[in-house]
Amino acid sequence: MFRKFVVYLVLFISGFCSTVRSQTQAVDAEGHQWWQHAVFYEIYPRSFMDSNNDGIGDLNGIASKLDYLKSLGIDAIWITPCYPSPQVDFGYDVSDYENIDPMYGTLADFDRLQQGAKTRDIRIIMDFVMNHSSDQHPWFIDSRSSRTSAKRDWYMWHDGKGSAEPNNWVSTFGGSAWTMDFKTGQYYYHYFYPQQPDLNWRNPAVHDAMFDVTRWWYKRGVAGFRLDAVDTLFEDPELRDNPVLPGLNKYGDPNEQDLYNTKLPEVHVVLRDLRKVADENNAVLIGETWTKDVNELKQYYGDHSDELQMPMDFLFTKVDRLSPPEFRRQIAAVDSAGGWPVFVLSNHDIVRSYVRYGDGQNNQAIAKLMAALYLTLRGTPIMYYGEEIGMQNTDPVRKEDVKDPIGRVGWPQEKGRDGERTPMQWDDSPNAGFTRGTPWLPVPLIYKTVNVATELKDPASILNVYRSLLALRHQNRALLDGDYVALNENDPNVLSYLRRYKNEAVLVVLNMSSKPQQVSFDLAPQGFDAKNAHTLLTTVATGSKASSVSHLSLEPFSVYIGAVSK
Ligand code: NOJ
Ligand code: CA
């Protein structure tokens with residue numbers, strides 16, 4: 001009896017220890033977790049690599065490029081939705097949360113991809129489309145079948161106001177956010193397309209079903225989720241009208257303040273619950289967190305750091321020109337927000353950074369500059385596929401060519417998001433080596449020179465600068481763990497900062513202007529000696545072996561990164 005008790009006690013203690021361990025697996029003396037040292041890379045699966053030549057990328061295509069990702073320096077890939085879907089919103093309309101769309105492969109392909117990634121120490125992050133399902137999901141088909149369906153309350157059904165919609169809320173993709181279902185005589189709510197009905201997160205059955213989805217993927221080995229559209233999970237139960245603002249939006253709808261259908265406090269309860277499950281699985285939660293300021297962003301970390309580990313800082317993407325003062329402001333704001341910063345330059349919804357920051361003449365240098373910026377800051381970067389080779393936006397020029405529905409509704413003001421989703425450019429063979437079929441979006445002609453194979457051969461290419469930066473940030477303690485100290489804060493042209501860790505420090509100097517600049521540093525207040533420098537990486541053609549940073553000459557849009565010591 002006593003022996004049995006001891007065995008149980010040992011089992012209990014070791015189980016307890018492993019649970020605690022899974023929550024606190026630190027990768028360094030600072031207690032940082034794996035995702036704080038990792039570089040993430042977003043893959044839009046339709047556009048990454050096509051293995052069966054149907055013109056659409058797929059999971060086997062991703063698997064065939066794992067060696068590329070490893071050698072680039074990627075630690076985790078976030079795959080945007082590859083679940084079964086009618087593809088109205090290219091996967092963000094999910095009709096089965098626990099499967100793979102046949103166009104992308106099978107669950108067996110997923111498991112192979114997962115295994116291949118694991119062998120290379122690359123983690124997989126799935127996209128969790130929590131706010132809405134597809135209208136073809138069996139839950140919604142059941143829900144709309146009758147007012148008495150067991151799933152009726154899984155979505156947001158409401159009576160109209162007389163012959164009008166229940167209230168004035170507009171869909172962010174154009175038109176009313178309410179669609180009438182004539183069979184049952186009620187409206188359902190959709191913040192996005194009508195084919196993306198909002199789930200009713202106030203219904204505990206929805207909550208449980210969606211949490212089970214996360215557990216199901218954790219069991220399959222995924223390392224976390226990127227949470228889609230977290231802002232929009234809850235709506236005002238009284239369905240109050242949103243305040244109307246002056247003017248019309250790009251779809252011709254009245255401008256509104258989304259007061260009653262976004263960012264309700266209940267969101268944070270769900271995030272805290274999701275975090276508990278993530279912690280049990282040593283997993284990370286990344287948020288698609290569009291915020292108006294850093295105070296809002298702060299809330300997503302949770303009052304007790306118990307919500308998202310990685311809310312994306314989109315305020316950073318709002319700095320739309322190479323302005324050192326603006327970047328300084330944004331970096332300082334997120335750095336002091338109390339959580340771990342998460343930097344992105346672009347993604348599948350945002351015009352590519354190459355175009356946003358490029359001046360048309362120095363785009364290559366500017367792309368390297370931007371890489372040096374967000375890969376050396378304190379925080380985790382999330383790259384977007386193709387950014388590392390300087391892929392540009394290729395927007396449709398005719399409305400009839402547009403694939404993304406918002407581009408058809410909003411044309412010509414809103415051309416949709418096809419431009420930032422074109423196929424990855426692998427080499428200079430037809431279709432950039434992405435497919436031997438007809439690619440679902442056209443490959444721009446520039447692929448002949450802007451492609452992985454060609455850039456690998458050029459030591460000064462954007463790709464090789466990315467590779468060097470990533471190698472550096474993986475090895476350098478100050479870049480991994482150091483604090484951020486802004487330098488020369490009144491300089492309107494050059495953004496400079498120190499990443500400082502104990503006796504080591506890395507100085508990052510970014511000339512954001514089209515003119516040569518002279519800068520000097522006095523690092524004594526920070527406890528370092530500017531006369532004692534060692535160049536780690538630079539795009540400055542001359543003087544690259546600087547041994548002192550007391551006076552540094554910088555070419556237009558150039559980068560200098562050096563180690564300084566005491
Ligand atoms: C955000 C996704 O990034 C976007 O692509 C999608 O259209 C909406 N959420 C709706 O799911
Ligand atoms: Ca394919």
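How many cavities of 30 Å³ or more does a search of the whole structure find? The answer is 1. A cavity here is a set of points, on a 1 Å grid over the protein atoms alone, where a 1.4 Å probe fits but cannot get out. About 70 Å³ of space lies in this largest cavity, a volume being the space filled by probe spheres set on the points, which are joined across faces, edges and corners. Its lining (residues with an atom within 4 Å of a point) consists of L345, S353, Y354, A367, M370, E387, G390, M391 and Y466. Helices α11 (353-357) and α12 are the elements that give two or more residues to that lining. By class, it has 6 nonpolar, 2 polar and 1 charged; Ala, Val, Leu, Ile, Met, Phe, Trp, Tyr, Cys and Pro count as nonpolar, Asp, Glu, Lys and Arg as charged, and the others, Gly among them, as polar.

Before going on, a few ground rules. This is a predicted model, where local features need pLDDT of at least 70, side-chain atom pairs count only at pLDDT 80 or more, and totals for chains, interfaces and linings use all residues. Residues are numbered from 1 along each chain as its sequence is written, chains are lettered from A and ligands numbered from 1 in the order in which they are written, and side-chain values use heavy atoms, with hydrogens and water left out.

Now step back to the whole protein. You'll find 16 helices and 20 strands, taken as DSSP runs (helices H or I, at least four residues; strands E, at least two) and numbered from the N terminus. With 566 residues, a compact globule would have a radius of gyration near 24 Å, and the protein's 25 Å agrees; the radius is taken over C-alpha atoms, and the globule rule is 2.2 Å times the number of residues to the power 0.38. Buried residues make up 58% of the 566, where buried means under 20% relative accessible area, exposed over 50% and partly exposed in between (1.4 Å probe, protein chains only).

What about the inside? A nonpolar core is a set of buried Ala, Val, Leu, Ile, Met, Phe, Trp, Tyr and Cys residues joined through side-chain atoms within 4.5 Å. The largest one has 141 residues, of which F40, Y41 and L373 touch the most other members. Helix α12 (residues 363-374) supplies the largest share of this core, 8 residues. There's also a second, separate core of 20 residues, including V485 and F521.

Next, the largest pocket, with about 1,600 Å³ of space. A pocket is an open set of points with protein on both sides within 12 Å along at least five of seven lines. Among its 48 lining residues, T172, Y191, K250, D258 and W290 are the closest to the centre. The lining has 15 nonpolar, 14 polar and 19 charged residues.

Then there's the calcium ion (ligand 2), coordinated by D50, N52, D54, I56 and D58 at 2.2 to 2.3 Å. Donors are N, O and S atoms within 2.8 Å of the metal (3.2 Å for Na, K and Ca), and water is not among the atoms, so sites may look incomplete. D50 and I56 are both buried.

Most residues other than glycine have a negative phi, and most peptide bonds are trans. The bond from W411 to P412, however, is cis. K502 has a phi near 50 degrees and, at 59% relative accessibility, counts as exposed. F557 also has a positive phi, about 50 degrees, but counts as buried at 6% relative accessibility.
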